[in-house]
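Reader: I would like to be shown how to read the rings, cores and helices of a model. Please take one feature at a time.

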Amino acid sequence: MNAPSIAAPVTGAVGRFLSGVGLLLRGLGLYVRSPGLMLLGIVPALISGAVFLSAFAALVYFVDDLAALVTPFADDWSTTARSLVRVIAGLAVLGLGGLLAVVSFTAVTLVIGDPFYEKISERVEERLGGTPGGVEVPLWASLRRSVVDSLRLVGLSVLFGIPLFAAGFIPVVGQTVVPVIGAAVGGWLLAVELVGAPFSRRGLRLPDRRSILKADRPTTLGFGVAVFLCFLIPLGAVLVMPAAVAGATLLTRRSLGQPVEER
């Protein structure tokens, strides 16, 4: 199935970005109206959340040692200069770790909870009139697609994360501009990852997701950045993950020019 051509929305970039944020809020509303699905959606997020929270806590604990490890050139500097560069290095390490943790958490959680999140996505589609052009996707094929696509996106997060980590050493810029870029990159990768199930249900794969979502990048970024920021909040990833799946279904339908209002 070929990716359809989507006409660019007429609203401004800021408006489209905010409409993307609104999709997450709408996803939350759709999701909380199904208490049974809510509980099912939280279980896989709790499992992977416990693992990633422990890993990030360990990163925070050892961040001083890691900062010293990546800045051996500062060993002979004055105490003030050495401390400053290692604080910057520590922030860069935590920034890279946060980006990789959020994207990897999403990838692992989607794999663990694939049947649950598939059901949430399907329930949202049913409320909106069904899945136009839907195809039957066997469970094992869905899991295989989820694993392969998630590995690709985690690889991309590493690829983008390395230069962002290096840029984090630049005074001021590394602590202001780089986090914004990191949130945008992380948000884009999350959006591409989260729409996997509804796109697959239409016979569309990862390249199709990228090309279709690029046609309305501000909306995609609005949704993805909102999810990314929620995932940075303690326990936010666990509680918001199912709502993000519901919101991603809305994003898919909007990107494909399909109805997003309940019938």
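**Aromatic rings**

Author: Ring pairs link F52, F105 and F231 into a cluster. The model is a predicted one, in which local features need pLDDT of at least 70 and side-chain atom pairs count only at pLDDT 80 or more, while totals for chains, interfaces and linings use all residues. Residues are numbered from 1 along each chain as its sequence is written, and side-chain values use heavy atoms, with hydrogens and water left out.

Reader: What describes a pair of aromatic rings?

Author: The distance of the centres and the angle of the planes describe such a pair. Rings of Phe, Tyr and Trp (its six-membered ring) pair if their centres lie within 6.5 Å; planes under 30 degrees apart are stacked, over 60 edge-to-face, and the rest tilted. The count by this rule is five aromatic pairs. F52 and F105 make an edge-to-face pair, with 6.1 Å centre to centre and 90° between the planes. F52 belongs to helix α2 (residues 35-61) and F105 to helix α4 (residues 79-112), so the pair ties together parts 53 residues apart in sequence. Helices here are DSSP runs (H or I, at least four residues), numbered from the N terminus.

Reader: Is F105 buried or exposed?

Author: Buried means under 20% relative accessible area, exposed over 50%, and partly exposed in between (1.4 Å probe, protein chains only). F105 has 5% relative accessibility and counts as buried, and F52, at 21%, counts as partly exposed.

Reader: Which residues have the most contacts inside the largest nonpolar core?

Author: A nonpolar core is a set of buried Ala, Val, Leu, Ile, Met, Phe, Trp, Tyr and Cys residues joined through side-chain atoms within 4.5 Å. The largest has 49 residues, and L194, F223, V227, F231 and M241 have the most contacts inside it. Helix α11 (residues 236-255) gives the largest share of this core, eleven residues. Apart from this core lies another, of five residues, including V63 and F165.

Reader: Where do the buried residues of α5 fall, seen down its axis?

Author: Helix α5 (residues 114-127) has 14 residues and reaches 20 Å from first C-alpha to last, close to the 20 Å expected at 1.5 Å a residue. That expected span is 1.5 Å times one less than the number of residues. Its buried residues are D114, Y117, E118, I120, S121, V124 and E125. Seen down the axis of α5, they fall within an arc of 160°, so they line one face of the helix. The arc is taken from the directions from the helix axis to the C-beta atoms.

Technical notes
Helix = DSSP H or I, 4+ residues; strand = E, 2+ residues; numbered from the N terminus.
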